[in-house]
Amino acid sequence: MADKSDRVKYLIAKENECLKEKLDAASKIMKNCHFCERRCGANRKEGERGWCGVLEPKISSEFLHFGEESELIPSHTIFFTGCTFACRYCQNLDISQYPKRGIYIEPEILVKLIVKRKQEGARNVNWVGGDPAPDIPYILGVLNRCNVNTPQVWNSNMYLTEESLNILEGVMDIYLTDFKYGNDSCAERLSGVGNYREIITRNHKIISDRNNKIIIRHLVLPEHLECCTFPVLRWISKNLNPENVKVNVMGQYHPEWKARDYGEINRRLTRDELERAMRFADGLGLELC
Ligand code: SF4
């Protein structure tokens with residue numbers, strides 16, 4: 001009979017095999033890029049840049065983050081430059097809209113940093129940007145070399161294709177998602193993305209139905225309670241598994257970048273707006289964090 005260490009070795013080998021298959025799938029997507037639903041079709045392997053402008057992965061910083069949700073901290077946060085959105089009020093502009101900034105870190109070096117951060121107390125590895133979707137092949141390449149047993153956090157706007165979601169399934173342990181808008185016109189106007197509602201609801205439903213742990217961030221925008229906050233929170237309460245989902249109703253919006261050109265969002269949230277959002281979430285029985 002196989003002893004326990006044989007069993008562990010077998011499971012690790014199976015996991016590596018599975019990761020390699022996912023790496024192959026991701027590598028194919030790079031030739032006709034569709035990691036996100038912009039589906040540019042850029043051949044990034046041949047140096048073609050798509051809408052997000054990301055070619056090779058560039059990292060702007062990595063550190064132990066204490067500002068994430070309490071159950072995640074300290075979190076080893078790895079920030080990629082480049083994003084699949086262009087939110088007019090982006091609070092991380094210097095990262096998200098400049099995909100050529102940052103440095104390429106060899107996967108072996110990043111593995112060493114992951115080990116070091118774990119020794120320093122990291123409870124997880126938190127892949128974020130901008131948005132990490134364009135960097136899926138690199139992330140898999142790092143994890144394929146990494147034997148540290150740390151939960152993986154996918155921190156994203158969730159504008160992913162189903163192909164990307166399938167690759168991430170079983171690799172990510174926690175989905176830390178953004179769900180910003182309750183309708184397509186606000187998403188188009190304020191983040192420059194199409195078909196937002198269908199894509200974001202589809203993706204949340206998929207990961208919830210697969211019993212993944214999800215923390216949803218909803219940034220409350222000034223004067224967007226009726227059109228965005230209430231419909232988003234209502235949808236979550238009706239469609240996702242409450243056992244796996246927590247919601248972070250965020251009130252820290254402040255106008256940045258082009259917000260001054262977009263009337264109603266050119267100010268901070270009022271206390272009354274935040275209280276109404278919180279009361280609404282509470283009334284739906286959502287688990288808040
Ligand atoms: S990840 Fe970038 S290149 Fe790929 S489909 Fe999305 S926007 Fe286009």
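**Exercise 1.** Work out which handedness the β-α-β unit made by E6, helix H8 and E7 has.

*Solution.* E6, helix H8 (residues 225-239) and E7 form a β-α-β unit that is right-handed, a word used when, with the strands pointing away from the viewer, the path from the first strand over the helix to the second runs clockwise. Helices (H or I, at least four residues) and strands (E, at least two) are DSSP runs, numbered from the N terminus. The model is a predicted one, in which local features need pLDDT of at least 70 and side-chain atom pairs count only at pLDDT 80 or more, while totals for chains, interfaces and linings use all residues. Residues are numbered from 1 along each chain as its sequence is written.

**Exercise 2.** Find which strands pair with E6, and in which sense.

*Solution.* Two strands pair if DSSP finds at least two bridges between them. Strand E5 (residues 174-178) runs parallel to E6 and is joined to it by five bridges, with Asp178 standing opposite Arg217 of E6. Strand E7 (residues 245-250) also pairs with E6 in the parallel sense, over six bridges, and here Ile216 is opposite Val247 in E7.

**Exercise 3.** Determine how many residues of E6 are buried, and what percentage of the chain is.

*Solution.* A residue is buried if 20 or more other C-beta atoms, placed from the backbone, lie within 10 Å of its own, exposed if 12 or fewer, and partly exposed in between. In strand E6 (residues 213-219), five of the seven residues are buried, and the strand is mostly covered. Over the chain, buried residues make up 40% of the 289 residues.
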